Amino acid sequence: MTTMAAATAVRYYPVAPGVRLNVRSGPGTGYPLVRVLPEGARVPIYCQTPGETVTGPYGTSRIWDNVSDGEYVSDAYVRTGSDGYVASRCA
């Protein structure tokens, strides 16, 4: 089934140059810091969810990217090539 293959395909996206990106336990800066990604990191986006509005190198966005189980980064710091959703919404 091609639908299932498309749903499970995970793409990796580059974090903005020169940025050490905070990874949070939820979609907002008020959530606890889980870890910090090093400069030059690339992140998988498993799903995306609306959250706190953040302004970063790639504009202002309220989209947060789920990069691991219970780990989120602001989409404003990830070069997805889009101002909208590039992955399915998180459940």
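The legends below describe close-up views of a predicted model. Residues are numbered from 1 along each chain as its sequence is written, and side-chain values use heavy atoms, with hydrogens and water left out. Local features need pLDDT of at least 70 and side-chain atom pairs count only at pLDDT 80 or more, whereas totals for chains, interfaces and linings use all residues.

View 1. Arg-24 lies in strand E2, residues 21-24 (strands are DSSP runs of at least two residues, numbered from the N terminus). Arg-24 is buried without a salt bridge, and Glu-52, the nearest side chain of opposite charge, is 7.4 Å away. Here buried means under 20% relative accessible area, with a 1.4 Å probe and protein chains only; a salt bridge places a side-chain nitrogen of Lys or Arg within 4 Å of a carboxyl oxygen of Asp or Glu. The Arg-24 side chain reaches the backbone oxygen of Tyr-31 at 2.9 Å. Beyond neighbours within four places in sequence, its contacts (heavy atoms within 4.5 Å) include Trp-64, Glu-71 and Tyr-72.

**View 2. Nonpolar cores.** The largest nonpolar core has 13 residues, and Val-43 is among those with the most contacts inside it. A second, separate core of 5 residues includes Cys-47, Val-54, Tyr-72 and Cys-90. Such a core joins buried Ala, Val, Leu, Ile, Met, Phe, Trp, Tyr and Cys residues through side-chain atoms within 4.5 Å.

**View 3. Pro-44 in strand E4.** Pro-44 belongs to strand E4, residues 42-44, and is buried, with a relative accessible area of 9%. Leaving aside neighbours within four places in sequence, Pro-44 is in contact with Val-10, Arg-11, Tyr-12, Asn-66 and Val-67.

Notes
Helices (H or I, at least four residues) and strands (E, at least two) are DSSP runs, numbered from the N terminus. Buried means under 20% relative accessible area, exposed over 50%, partly exposed in between (1.4 Å probe, protein chains only). Lys and Arg count as positive and Asp and Glu as negative; His and the chain ends are not counted. A polar contact is a pair of N or O atoms within 3.5 Å; within protein, one must be able to donate a hydrogen and the other to accept it, and residues adjacent in sequence count only if both atoms are side-chain atoms.
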